[in-house]
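Here are some notes for a first look at this model. Please read them with the structure open.

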Amino acid sequence: MEWTEERVATLKALWQNGYSARQIAERLGGVTRNAVIGKAHRMGLSSRPSPIKKTQKPAAPAVKERSCQWPIGHPGSDDFHFCGEAAEAGRPYCSTHCEVAYRRSSGSSENAA
DNA sequence: CCCTGATTCGC
DNA sequence: GCGAATCAGG
């Protein structure tokens, strides 16, 4: 196929209307999306929403680690507070309190302390 | 495996 | 200049 004024105009029109290269190629007929993209690139077009997204994620509010939320004292009490030590990654407590928090007492009769 | 555009490369 | 092949990512 030949890139006539008409075909080029169609290409540009569709491209600017947000059509994907594949849609344009299909519409024109006799060309593949590569031809469309290649032609578009050659005429100075392209620069459409590139699929190659940049890994730009500076805003990562993903909660990494906070301070240990292990309660110290009685809730409501004047000196009630949380442990505050550096918590383990992905856990709400520090290493010490993690042991306590996740200590599974599965049917053991070790209650005589 | 489907898609997207970008770029490269031989013709 | 052309477009398939390849690249790079979703």
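1. Ground rules. This is a predicted model, in which local features need pLDDT of at least 70, side-chain atom pairs count only at pLDDT 80 or more, and totals for chains, interfaces and linings use all residues. Residues are numbered from 1 along each chain as its sequence is written, chains are lettered from A and ligands numbered from 1 in the order written, and side-chain values use heavy atoms, leaving out hydrogens and water.

2. Helices α1 and α2. Helix α1 spans residues 5-16 and helix α2 residues 21-28. (Helices are DSSP runs of H or I, at least four residues, numbered from the N terminus.) They pack at about 145 degrees, axes 10 Å apart. (Axes are lines fitted to C-alpha atoms over the stretch in contact; angles run from 0 to 180 degrees between N-to-C directions.)

3. Their contact. From α1 come R7, T10, L11, L14 and W15; they meet A21, I24, R27 and L28 of α2. (Contact means heavy atoms within 4.5 Å.) The contact holds 6 nonpolar, 1 polar and 2 charged residues. (Ala, Val, Leu, Ile, Met, Phe, Trp, Tyr, Cys and Pro are nonpolar; Asp, Glu, Lys and Arg are charged; the others, Gly among them, are polar.)

4. Helices α1 and α3. Helix α3 covers residues 33-43 and packs on α1 at about 90 degrees, axes 11 Å apart. That makes α1 roughly perpendicular (65 to 115 degrees) to α3.

5. Burial in α3. V36, G38, K39 and A40 are its buried residues, with under 20% relative accessible area. They pack against α1 and α2.

Note on methods. Helices (H or I, at least four residues) and strands (E, at least two) are DSSP runs, numbered from the N terminus. Angles under 35 degrees count as roughly parallel, over 145 as roughly antiparallel, 65 to 115 as roughly perpendicular and the rest as oblique. Buried means under 20% relative accessible area, exposed over 50%, partly exposed in between (1.4 Å probe, protein chains only).
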